Amino acid sequence: MSYSDRPSEEKKSARQIGSEKEDLACWYLVEHGYLIVDRNFHGGRFDELDIVAKDPQGYLCFVEVKYRKTDIHGGSEGSVDRKKIKNICHCALYYMSSKRISTDTPVRFDVIFIIGDDIQLVKNAFDYEV
């Protein structure tokens, strides 16, 4: 398949686009010294963790990926609301329990915002919340 034969973003499903943006986020993290530990972890009845990674300082980072084509209707920041934060936190706790990771492990919640071709990593985007 040639480059011009690839489906345009409009023809791709939201799942395909999301997967591609998560791949891009993983690439970005690796380029910045992170080790990808896990992807798309489903936490039982909780939400899903997009990326679990270790940063160069040894933090276990739960990384949410948010994508928008443009920022015409506002950026991605508003898409991580209180409900989403609670779901991510519950899922992170479930992840650590299921993987037998000590609760003494330093943990951080990061968000990668992708708007068009622009990537921004927000470290410690929110605190643990129940």
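**A buried strand residue, a pocket and a helix**

In this predicted model, I51 counts as buried because its relative accessibility is 0%, and the cut-off for buried is under 20%. I51 sits in strand β2. Leaving aside residues up to four places away in sequence, I51 touches E22, A25, C26, L29, I36, D38, C61, F62, V63 and V65. One of these contacts, C61, is 10 residues away along the chain, and its C-alpha lies 8.0 Å from that of I51.

Next comes the open space. The largest pocket holds about 360 Å³. Its lining is made up of 19 residues, with G18, S19, E22, E48 and D50 lying nearest the centre. At least two lining residues come from each of α1 (14-31), β1 (35-42), β2 (48-54) and β3 (60-68). The biggest share is from α1, which puts in 7 residues. Sorted by class, the lining has 10 charged, 5 polar and 4 nonpolar residues.

Then there is helix α2, which runs over residues 82-98. Its 17 residues reach 24 Å from first C-alpha to last, close to the expected 24 Å. Buried along α2 are K84, I85, I88, C89, C91, A92, Y95 and M96. An α-helix has 3.6 residues a turn, so residues three or four places apart point the same way. The cover over the buried residues of α2 includes strands β1, β2, β3 and β4 (107-115). Just past the end of α2, R100 adopts a positive phi of about 55°.

Terms used
Residues are numbered from 1 along each chain as its sequence is written. This is a predicted model: local features need pLDDT of at least 70, side-chain atom pairs count only at pLDDT 80 or more; totals for chains, interfaces and linings use all residues. Side-chain values use heavy atoms; hydrogens and water are left out. On a 1 Å grid over the protein atoms alone, a cavity is a set of points where a 1.4 Å probe fits but cannot get out, and a pocket is an open set with protein on both sides within 12 Å along at least five of seven lines; lining residues have an atom within 4 Å of a point. Grid points are joined across faces, edges and corners, and a volume is the space filled by probe spheres set on the points. Helices (H or I, at least four residues) and strands (E, at least two) are DSSP runs, numbered from the N terminus. Ala, Val, Leu, Ile, Met, Phe, Trp, Tyr, Cys and Pro count as nonpolar, Asp, Glu, Lys and Arg as charged, and the others, Gly among them, as polar. The expected span of a helix is 1.5 Å times one less than its number of residues. Buried means under 20% relative accessible area, exposed over 50%, partly exposed in between (1.4 Å probe, protein chains only). Contact means heavy atoms within 4.5 Å.
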